[in-house]
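Please look over the structure below before reading on. The paragraphs after it go through the model step by step.

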Number of protein chains: 2
Amino acid sequence: MERLLQSVKIAINEKVYVKDPESSDLGKRIIEKSILMIDEMGFEAFTFKKLGHEIGSNESSIYRYFENKHKLLVYLTSWYWGWVEYQLVFSTNSISDVDEKLKRAIEIISKPVEEDSHFLHINEVVLKRIVVNESSKSFLTKEVDIENKDGYFVIYKRMVTRLSEMINAVNPDYLYPTSLASTILEGVQHQNFLKDHFHSLTDCVANEDPGQFFVDLAFKTLKSH
Amino acid sequence: MERLLQSVKIAINEKVYVKDPESSDLGKRIIEKSILMIDEMGFEAFTFKKLGHEIGSNESSIYRYFENKHKLLVYLTSWYWGWVEYQLVFSTNSISDVDEKLKRAIEIISKPVEEDSHFLHINEVVLKRIVVNESSKSFLTKEVDIENKDGYFVIYKRMVTRLSEMINAVNPDYLYPTSLASTILEGVQHQNFLKDHFHSLTDCVANEDPGQFFVDLAFKTLKSH
DNA sequence: TAAATTATGATAGTAACACTATTATATTTG
DNA sequence: CAAATATAATAGTGTTACTATCATAATTTA
């Protein structure tokens, strides 16, 4: 996996950006600092002007990479899911036992993030926090149908599909594999959010990932008779 | 239930508003039209200026009821959950069988909304769409911890607690009653969203509520042995 | 009923945001 | 070296999210 990832680039739909931020130093600084700033001040308070100031660049230069901050958020969350997808695929494709495979998949999705040295300008730990706290805003918009048609969310959708297929392999008679998959994927983010802000609304305690809850949920549901 | 609701007012935390919108005609028009406008144009495009124009009033007058549109959204979602809570309590408190009670509760939470003639200025069908499409934005903010401390989300939290207690009654040995409750409550909204915008990510088809999926999920999880 | 209080409306103003356009200046490439 | 490209700097526009002030209408109370 180490070797393979060395030459890997997470491919993001070209419609999301004006100019590929991976293609230049400035682009990488935009990604690097925007992650840190969105995490620190929240997506609403974050602006391209502030980002420009932070990276010692100009607002107008950032607009040459992203049309607006919404598309930057779509880019960041897509990148995150692309990155998780790699881990998911590499960690599960050698597993032939369908139960073990699904279990592993849910664990990969739930487990705390560790920094990945292959993408130096991206802090995956911080990016995960953005996904937990802000990523819903990338699709809870009036433009969601157009953007979906334009492929803005393909990576996330592929993740749900992969999980759904694994669920189906465990129990082909189960009636709601896709709903269970999307519930788990969204639920993991939500439980992580609750853990940090509404601890009375979750059984996952701090510094514990919601993996056990969802593994238990999935297998009890699928193995019920 | 008809009789009881006639004199009922959904009580919202006073910190959420400057002046109680239920206390005047203008206040009620603010609520009535804001629901329709947020649904139509989305929360981002919605402004107090546009609302003022729509209700034939002035922007500055609206500020006398709500400090900003974020608090109006908190008000609207709180009202919705307060309204659902009433239905939940009245529909389940006479049920002694714990299984039947939980099943009924999940159905109440999931079932399509019908207009309630007791609150003439509130279109509950439209309000439910706002909850599905926008309500996450009411807590996905940097101010969530302060607002939570100030009791902005008590009604929603009480809903999760109620559901959690019902889950616990069905199976006291189950380890994650609160996480299951919060997953169901959030999951219902998410499945409804997917049904409208990402039908490939759900097994709930249009015009069908996600109730069956969640009832099945809850009971298979709790009755597993 | 007049006076006082309160609610609403109208207008104006400010700082920040979300851009767009233009021009200047580096930097890279042919 | 010239040409092309990338970035920086500046300015400008319309909108948002308010705040402040004053006028007027409606309601309450003395």
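This is a predicted model: local features need pLDDT of at least 70, side-chain atom pairs count only at pLDDT 80 or more; totals for chains, interfaces and linings use all residues.

Residues are numbered from 1 along each chain as its sequence is written, and chains are lettered from A and ligands numbered from 1 in the order in which they are written.

The contact between the chains takes 41 residues from chain A and 41 residues from chain B, where two residues are in contact if their C-beta atoms, placed from the backbone, lie within 7 Å. On the side of chain B that touches chain A, at least two residues each come from helices H7 (124-134), H8 (144-149), H9 (154-170), H10 (177-197) and H11 (211-222) of chain B; helices (H or I, at least four residues) and strands (E, at least two) are DSSP runs, numbered from the N terminus. H10(B) gives the most to this side, with ten residues. By class, the side of chain B that touches chain A divides into 13 nonpolar, 17 polar and eleven charged residues, with Ala, Val, Leu, Ile, Met, Phe, Trp, Tyr, Cys and Pro counted as nonpolar, Asp, Glu, Lys and Arg as charged, and the others, Gly among them, as polar. Because 100% of the interface residues of chain B are also interface residues in chain A, the copies meet through the same surface.

Turning to the DNA, 13 residues surround DNA strand C, and the closest are A:Thr47, A:Asn68, B:Leu26, B:Ser57 and B:Ser61; a residue is near a molecule or strand if its C-beta atom, placed from the backbone, lies within 6 Å of it. Helix H4 (59-62) of chain A and helix H4 (59-62) of chain B each supply at least two residues of this surface, which has two nonpolar, eight polar and three charged residues. Around DNA strand D there are 13 residues, of which A:Leu26, A:Ser57, A:Ser61, B:Thr47 and B:Asn68 come nearest.

Within chain B, the axes of helix H5 (residues 69-92) and H9(B) come within 8 Å and cross at roughly 30 degrees, axes being lines fitted to C-alpha atoms, for helices over the stretch in contact, and angles running from 0 to 180 degrees between N-to-C directions. H5(B) and H9(B) are therefore roughly parallel to each other (angles under 35 degrees count as roughly parallel, over 145 as roughly antiparallel, 65 to 115 as roughly perpendicular and the rest as oblique). Among the residues that meet here are B:Trp81 and B:Leu88 in H5(B), and B:Ile155 and B:Met159 in H9(B).

The axes of H5(B) and helix H6 (residues 98-110) of chain B come within 10 Å and cross at roughly 155 degrees, and H5(B) and H6(B) are therefore roughly antiparallel to each other. B:Leu88 is also one of the residues of H5(B) that meet H6(B). H6(B) in turn packs with H11(B) at an angle of about 150 degrees, with their axes 9 Å apart. That makes H6(B) roughly antiparallel to H11(B).
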